[in-house]
Amino acid sequence: RYEMKKIGAGNLKNGVYVSFLSQKTLLERTLSEIGIESNSLIVKINQPEAVKLKKIIGKAWRWDKIKAEYLDFLTKQNNFFSSLDQYSNTIKRLEAKKKIFAFAKLLLKDPRLPDDLAENQEIRSKALKFYERVRPYCYD
């Protein structure tokens with residue numbers, strides 16, 4: 001499951017994953033690396049109707065949960081800049097690295113979809129802007 005999520009596949013139901021990867025070789029290599037290629041079936045379908053596609057995406061990636069995690073991330077990060085004056089440079093660097101790590105963990109859960117199919121673009125953009133502002137604090 002972890003390996004499939006790592007390449008951006010969504011869990012439609014137990015043992016059934018969907019992906020918008022156009023690189024079949026990446027999927028085949030991942031299945032081979034985890035040793036399940038002989039027990040796996042890759043089915044390529046033409047793009048279904050937009051309504052069906054949104055329904056599949058909603059089930060496989062749980063947008064509501066991802067959106068809630070983005071909002072939670074942004075809420076928790078709001079006080080970072082207001083409290084910077086209280087910390088030494090070492091603590092600032094450590095706190096910044098924690099924020100970057102939290103953002104990276106969140107990105108792992110967010111699927112790799114084409115922009116026209118991805119939801120939560122506005123929230124994702126806000127989180128990315130926060131990341132870009134915090135990242136310089138990770139260094140001396």
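**Figure 1. D110 and its neighbours in the predicted model.** Setting aside residues up to four places away in sequence, D110 touches W63, I66, Y70 and R124. The model shown here and in the other views is a predicted one. D110 sits in the loop that links helix 5 (89–109) to helix 6. Is D110 buried or exposed? With a relative accessible area of 7%, D110 falls under the 20% cut-off and therefore counts as buried. Look also for A9: 101 residues separate A9 from D110 along the chain, while their C-alpha atoms are 9.9 Å apart.

**Figure 2. The packing of helix 4 against helix 6.** Here we turn to a pair of helices. Helix 4 (residues 63–77) packs on helix 6 (residues 121–134) at an angle of about 35 degrees, and the two axes lie 10 Å apart. Their crossing is left-handed. On the helix 4 side, the contact is formed by W63, K67, Y70, L71, F73, L74 and Q77; helix 6 answers with I123, R124, K126, A127 and F130. By residue type, this contact comprises eight nonpolar, one polar and three charged residues.

**Figure 3. The largest nonpolar core.** Which residues of this core touch the most other members? They are W61, Y70, F73, F80, A127 and V134, out of 22 residues in the core. Helix 3 (50–61), helix 4, helix 5 and helix 6 each contribute at least two residues. Helix 4 is the biggest contributor, with five. As general background, nonpolar side chains in soluble globular proteins tend to be buried together.

**Figure 4. A closer look at A127.** Leaving out residues up to four places away in sequence, A127 touches Y70, F73, L74 and F103.

**Figure 5. The whole chain, for orientation.** The protein chain has six helices and two strands, and from the N terminus the elements follow the order α-β-β-α-α-α-α-α. Of its 140 residues, 30% are buried. Among contacts between residues at least 6 apart in sequence, 74% join residues at least 24 apart. The accessible surface amounts to about 10,100 Å², with 51% of that belonging to carbon and sulfur atoms.

Definitions and conventions:
Residues numbered from 1 in each chain as written. Predicted model: local features only at pLDDT ≥ 70, side-chain atom pairs only at ≥ 80, totals over all residues. Heavy atoms only, no water. Axes fitted to C-alpha atoms, helices over the stretch in contact; angles between N-to-C directions. Helix = DSSP H or I, 4+ residues; strand = E, 2+ residues; numbered from the N terminus. Left-handed = near helix turned anticlockwise from the far one by under 90°. Contact = heavy atoms within 4.5 Å. Nonpolar A, V, L, I, M, F, W, Y, C, P; charged D, E, K, R; others polar. Buried < 20%, exposed > 50% of the residue type's maximum accessible area, 1.4 Å probe, protein only. Areas by Shrake-Rupley, 256 points an atom, 1.4 Å probe, with all protein chains shown as cover. Core = buried A, V, L, I, M, F, W, Y, C linked by side-chain atoms within 4.5 Å.
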